[in-house]
Amino acid sequence: MADSGENSALFPIFILSVIALPLVPYTILKLLRAASKKDKSIHCECSVCTRSGKYHKSVFRRISNFLSCSNLTVLLLWVIVVFLVYSIKQSSREIEAFDPFSILGLEPGVSESVIKKAYRRLSIQYHPDKNPDPAANKYFVEYISKAYQALTDPVSRENFEKYGHPDGRQGFQMGIALPQFLLDFNGASGGILLIWILGGFILLPMAFGVVYLSRASKYGGNFVRRETLATYFDLVKPSLAPSKVLDVFIKAAEFMDIPVRRADEEPLQELFKLVKSELNLDGKNARQEQAKFWKQHPALVKAEMLIQAHLLRKADTFSSNLRQDYKNMLQLVPRLLEGLIKMATVPRTAKGHGWLRPAIGVIELSQCIIQAVPLSARKAGSGSSEGVASLLQLPHFSDAVITKIGKKVRTLQDLQDMTLQERAELLSGVAGLSSSEVQDVEKVLELIPSATIEFTCETEGEEGIQEGDIVTIQAWVTLRRANGLIAAVPHSPYYPFSKGENFWFLLADANSNDVWFSESINFIDEAAAITTASAITEAKMEASGASMEEITAAVKDAVAKVKSGCRLVLGKIQAPQAGNYNLNCHLMCDTWIGCDTKTSLKLKILKRSRAGSRGGHVAEGVQGKNNLEDEEEDEDDIEEDEEGDQSEYSEDEDEDEDEDEPEPEVEKLNNNRKGLANGSARRKGRK
């Protein structure tokens, strides 16, 4: 075994190897990513967003971005590496091989007289009688004297010249690359290493694991408390009106942690006067409703008033304490809304479907919070099914401006359909906006996205869809902007944090209020989208028996579509009972108002026959001649659905939320009659 000094000297080398092996490639990869990184997510550059300071890259923000947890960890590890290299370099000098000729400054093979002369010369310099320095004394005793004795003793000199050591041939030595204090503690060496291993490598990780698991058990997906998800699951009802979604949203357990101070009582009373009109407390029993409102948990009352004040854009009236609580609350909003959407679309019915009405209400609430637009602005009126909410999200637009241009512009689409010259004349001449304000409006209009959906519902390898079949839903969603960008951060100057766009794909039956399939779509992570599209395309082509050349070409086409701004959505559902279904494909953005797209799809499910024959055929948007009556009925259903496609904020607020909507009767199909089995549809969004 090696001595303790050699063991301690090897320990830094061992630690250096363990750290350097993963650190060097990780650092190189991080530097390459930083060098090749392109800012694909561009934020709004209008003057309103610029004044908000949300995207201002100050020196402090740049330093904070650099001093992230990962960067600080890498920097700390490199400091440790430099320290270990320095320690190894210093220790290597101390454990250099014993060479008496080198110590005396002689060449190998010199005579004994030359050795004595060198010894006398060094003695004059390092002998304790000549040099009182303790370091010189130590060097003389440990090196010079031993070197002289090794070279003047015939046996020692012969051993050194033959074997390189004064004591002769040396055996093979092994050591443990651990410091001596781990092997010997206060003179006791037996079992000390075992204790260190047990404590440092077993008990300590177990303690950290227990703490982590105890905290992680309180949270579900996306860092939302399980208590919150359970509350949302219980409170979400199939007939939940969009105007009532906020009442469910504020019941989150996270909002219960908002501090309630005595100093906030007076500011909250003043805030109540500002938001009272949005709280729906002006009914027949206004006093009772107000008393009921204040009897809620104080934290929930505070949370609701802060959110309503944000929707009314009254955050500038907050005190310092309220402003901090306001920011902490809004920071939780995106992930809580995502959890609420999942609770609305989670399978609830016997058919395994979620509910469409509350899901749409949650997404519309998200749009209003990000754009700071009151829920009352979504009430239908003046020829617009979405109210004036979509116009209020534009910079410099207010109720007064909307009233002035109300004769020519009622919706966001009306404004987008105008030419640049027509908009400039309307906004400057009629609305009274300055030229710079008109430019801000144009920048935001160029940033607003429009979507196109191409999707199909089919069974793999079969022509028709029978009840109980596994139906594959495949959709290509394409995003376009007037400025040519694919991914961008939306215009949201009143929301104090950077919030990226997130789109929700909902395949639903509006008549039965069922969500058949839902998926979240993100256009920022292009690399993940390419991986997903490539894997799906390759699997589909292999299942169809295509050759390698055809698979490669299809994958290349899919990658090119993703890079051009498309995202592929794939899902599987079980076909319901036989019947004729008018499905709607909703594509809704959680940040922009008025950018939602809805596509209709006729889907006919055939009754399963005993022989398993299918008798249907693939069609795209048309039916056979034998189904003219069914086609007319379907068109009537779609017309009725389109006429009734208005904002639900205009409905009666006193509607019974617990009452489920009745399911329509499904017409049974004749097995011998051909119809639309597999369906596909294509719909372009707004310009």
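Student: Which residue meets the side chain of Lys499 in a salt bridge?
Tutor: Keep in mind that we're looking at a predicted model. In it, the side chain of Lys499 has a salt-bridge partner at 2.9 Å, N to O. The pair links distant parts of the chain, 91 residues apart: Lys499 is in the loop between E3 and E4, and its partner is in the loop between strand E7 (579-589) and strand E8 (597-605). That partner is Asp590.

Student: How far apart are the closest N and O atoms of Arg481 and Glu501?
Tutor: Arg481 and Glu501 form a salt bridge too.

Student: Which residue does Glu458 form a salt bridge with?
Tutor: The closest N and O atoms of this pair are 3.8 Å apart. Glu458 is in strand E2 (residues 450-458), while its partner, 82 residues away, is in helix H23 (residues 526-543). The partner is Lys540.

Student: Why does Glu458 count as partly exposed?
Tutor: Partly exposed is what lies between under 20% (buried) and over 50% (exposed). Glu458 counts as partly exposed because of its relative accessibility, which is 27%.

Student: And what is the relative accessible area of Lys540?
Tutor: Lys540 is partly exposed as well. Its relative accessible area is 40%.

Student: How many salt bridges are there in the whole structure?
Tutor: As a reminder, side chains of opposite charge can pair when their charged atoms come close. Some salt bridges here join up: Arg261, Asp264, Lys302 and Asp325 form a network. Searching the whole structure gives a total of 14.

Student: Which residues is Val346 in contact with, leaving aside its neighbours within four places in sequence?
Tutor: Val346 lies in the loop between helix H16 (320-345) and strand E1 (354-355), and it's partly exposed at 25% relative accessibility. With those neighbours set aside, its contacts are Phe233, His353 and Gly354.

Student: At roughly what angle do the axes of H15 and H16 cross?
Tutor: The axes of helix H15 (residues 298-311) and H16 come within 10 Å. The angle itself is roughly 85°.

Student: How many nonpolar residues are in the contact of H15 with H16?
Tutor: On the H15 side we have Lys302, Ala303, Leu306, Ile307 and His310, which meet Leu322, Asp325, Tyr326, Met329 and Leu330 in H16. Two of these residues are charged and one is polar, and the number that are nonpolar is seven.

Student: What is the handedness of the crossing of H13 and H14?
Tutor: The axes of helix H13 (residues 265-275) and helix H14 (residues 286-294) come within 14 Å and cross at roughly 140°. That makes H13 oblique to H14. The crossing is right-handed.

Student: How many charged residues are in the contact of H13 with H14?
Tutor: Leu268, Gln269 and Phe272 in H13 meet Gln290, Phe293 and Trp294 in H14. Four of them are nonpolar and two are polar, and as for charged residues, there are none.

How values were computed: Residues are numbered from 1 along each chain as its sequence is written. This is a predicted model: local features need pLDDT of at least 70, side-chain atom pairs count only at pLDDT 80 or more; totals for chains, interfaces and linings use all residues. Side-chain values use heavy atoms; hydrogens and water are left out. A salt bridge is a side-chain nitrogen of Lys or Arg within 4 Å of a carboxyl oxygen of Asp or Glu. Helices (H or I, at least four residues) and strands (E, at least two) are DSSP runs, numbered from the N terminus. Buried means under 20% relative accessible area, exposed over 50%, partly exposed in between (1.4 Å probe, protein chains only). Contact means heavy atoms within 4.5 Å. Axes are lines fitted to C-alpha atoms, for helices over the stretch in contact, and angles run from 0 to 180 degrees between N-to-C directions. Ala, Val, Leu, Ile, Met, Phe, Trp, Tyr, Cys and Pro count as nonpolar, Asp, Glu, Lys and Arg as charged, and the others, Gly among them, as polar. Angles under 35 degrees count as roughly parallel, over 145 as roughly antiparallel, 65 to 115 as roughly perpendicular and the rest as oblique. A crossing is left-handed if the near helix is turned anticlockwise from the far one by less than a right angle, and right-handed if clockwise.
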